Amino acid sequence: MIKFENVNKYFDQHKALKSLSFELPEHETTVIVGPSGSGKSTLLRSFNLLEQPEEGLYSLDDKVIDFAQPISEKTILEVRRQTGMVFQDYNLFPHLTVLKNVMEGPLHVLKEQKLIAAQRAEELLELVGLSDRANYYPNQLSGGQQQRVAIARAMAMNPKYLLFDEPTSALDPELEAEVLKVLLKLDVEKNSMVIVTHNMAFAKAVASNIIFLEEGNILFNGSPDEFFNHPTERIQKFLSAMTFEDILPK
Amino acid sequence: MKLVMDSLPAILEAGLRYTIPLSVISFIIGIIIAVITALVRISNVKKGSTFTRLLKIIGKAFFSFYVWLFRGTPLIVQMFILFYGLPRLPAPYTVEFGAFSAAVIVFSLNVGAYASETIRAAILSISKGQWEAGYAIGMTHTTVLFRVILPQAARVSLPPLSNSFIGLIKDTSLAFSITIVEMFSVGQQIAARTYEPMVLYCEVAVVYLVFCSILNVGQYYLEKRTSRYIKNT
């Protein structure tokens with residue numbers, strides 16, 4: 001369970017997250033949507049403490065963090081052990097092969113044995129459909145392939161939560177489909193997922209819960225059915241902008 | 001031609017005995033100093049306990065002062081201060097070095113000051129996303145630094161560091177001024193004896209060229225090796 005209570009995040013004078021409170025249950029897929037600059041990424045990055053809000057309480061399962069206090073290195077590492085993250089621009093390690101990218105965490109963070117780590121990495125590459133690219137370098141892959149490696153890399157740590165920060169927004173539609181196909185294969189029983197995305201069709205298909213964020217406020221937190229079929233006026237406007245309904249000739 | 005052949009063994013011997021060891025030893029020590037200096041200077045003073053933050057601020061000031069001092073004064077002046085100046089300090093403060101040690105100390109500190117800026121820039125050139133990707137899989141700051149950032153920074157800093165190494169090989173000729181009989185001073189002695197300065201100094205120049213060319217070849221292969229993962233190289 002991921003739980004925020006009255007969390008505030010500032011960037012200098014700008015308030016990026018405004019007193020947010022919510023709870024994301026385990027074994028579900030939460031999709032965070034909203035216009036650019038609404039704080040979606042900041043919120044997601046707070047879950048693994050890449051961003052550290054200044055105020056509020058954060059509970060990750062039985063661990064409670066008070067953002068107003070300095071967070072110890074130990075706590076930060078524990079939280080990151082529980083959460084895997086996939087970035088918009090992949091951020092694979094360019095100097096390591098695909099297989100070694102996936103093995104890096106298990107080998108040098110979990111201190112697993114090389115053979116075990118390699119075997120698990122191969123299984124994960126199979127899952128994302130890249131077994132034949134194990135010895136390639138990231139620069140030799142397409143964006144879609146790189147992002148699938150990044151998913152395998154995040155999963156190699158067996159995190160309880162998988163965080164996706166606009167995983168397909170740097171990809172063209174065909175490559176996007178490749179990545180979404182992999183995401184659909186993931187099992188929420190093993191990894192609860194939080195996904196920031198602009199792809200509404202995908203959100204509709206995978207979400208068990210949708211959060212709509214605007215200017216650091218949560219305007220909606222509920223079921224996809226309610227979000228798409230009974231939207232408020234603001235959400236309706238957002239949704240039709242997404243499909244260019246307003247501007248395209250009928 | 002006979003003169004060249006006759007003088008070559010003496011010049012080469014001086015090269016193998018002084019020029020090369022001086023360059024290699026000073027460069028290795030210099031790089032270690034440079035990495036430490038660069039890491040201290042890029043450390044984040046906003047992070048850590050009050051004590052570590054204080055330590056970082058003092059460290060930063062110290063290493064910035066060191067870089068400023070050694071980049072801002074001529075190499076030969078540094079050498080003279082260390083070799084001729086320090087032994088003449090009043091009694092309890094007298095420090096004496098052998099000529100070779102004095103040269104190694106000065107060359108190391110000098111290379112370290114310049115190379116630290118190269119390495120600092122190389123580390124800063126690696127994108128923030130690489131740090132975050134390391135953190136996201138649970139790495140500590142140190143692990144990210146050694147497993148992710150430094151291997152990539154090494155590739156970036158290779159050409160400018162080769163520059164420093166080549167510069168150092170040539171700068172070792174200044175060691176003649178603190179009594180070290182390296183290649184250049186051997187050439188000078190023979191030139192004085194034979195009245196053939198043109199021949200001897202050109203010969204010395206060619207030997208320096210050969211040494212630096214060997215280094216160029218080394219740089220080429222190292223670059224190839226460390227750039228395997230980059231497209232189109």
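A residue is buried when its relative accessible area is under 20%, exposed when over 50%, and partly exposed in between, with a 1.4 Å probe and protein chains only. At 1% relative accessibility, Leu125(A) therefore counts as buried. This is a predicted model, in which local features need pLDDT of at least 70 and side-chain atom pairs count only at pLDDT 80 or more, while totals for chains, interfaces and linings use all residues. Residues are numbered from 1 along each chain as its sequence is written, chains are lettered from A and ligands numbered from 1 in the order in which they are written, and side-chain values use heavy atoms, without hydrogens and water.

**Leu125(A)**
- Helix α4 of chain A, residues 114–127, contains Leu125(A); helices (H or I, at least four residues) and strands (E, at least two) are DSSP runs, numbered from the N terminus.
- Beyond its neighbours within four places in sequence, Leu125(A) is in contact (heavy atoms within 4.5 Å) with Val98(A), Leu99(A), Val102(A), Leu130(A), Ser131(A), Ala134(A) and Ala152(A).
- Lys190(A) is 65 residues from Leu125(A) in sequence, and their C-alpha atoms are 17 Å apart.

**Nonpolar cores**
- A nonpolar core is a set of buried Ala, Val, Leu, Ile, Met, Phe, Trp, Tyr and Cys residues joined through side-chain atoms within 4.5 Å.
- The largest has 85 residues, of which Leu43(A), Phe47(A) and Tyr58(A) touch the most other members.
- Apart from it lies another core of 48 residues, including Val31(A), Met103(A), Ile210(A) and Phe220(A).
- Neighbours within four places aside, the contacts of Phe47(A) include Ile2(A), Phe4(A), Tyr58(A), Leu163(A) and Val194(A).

**Chain B**
- Chain B has 8 helices and 0 strands.
- Its C-alpha atoms fill a box of roughly 70 × 60 × 25 Å along the principal axes.
- Of the 233 residues in chain B, 41% are buried.
- Among chain B contacts between residues at least 6 apart in sequence, 72% join residues at least 24 apart.
- Chain B carries 20 positive and 10 negative side chains, with Lys and Arg counted as positive, Asp and Glu as negative, and His and the chain ends not counted.
- The centres of these two sets lie 19 Å apart, each charge being placed at NZ of Lys, CZ of Arg, CG of Asp or CD of Glu.

**Interface of chains A and B**
- In the interface, 22 residues of chain B are in contact with 22 residues of chain A.
- The buried area is about 2000 Å², with 61% from carbon and sulfur atoms; this is the accessible area (1.4 Å probe) that two parts lose on being put together, summed over both.
- Ile137(B), Arg147(B) and Tyr229(B) supply 32% of the area that chain B buries against chain A, more than any other three residues.
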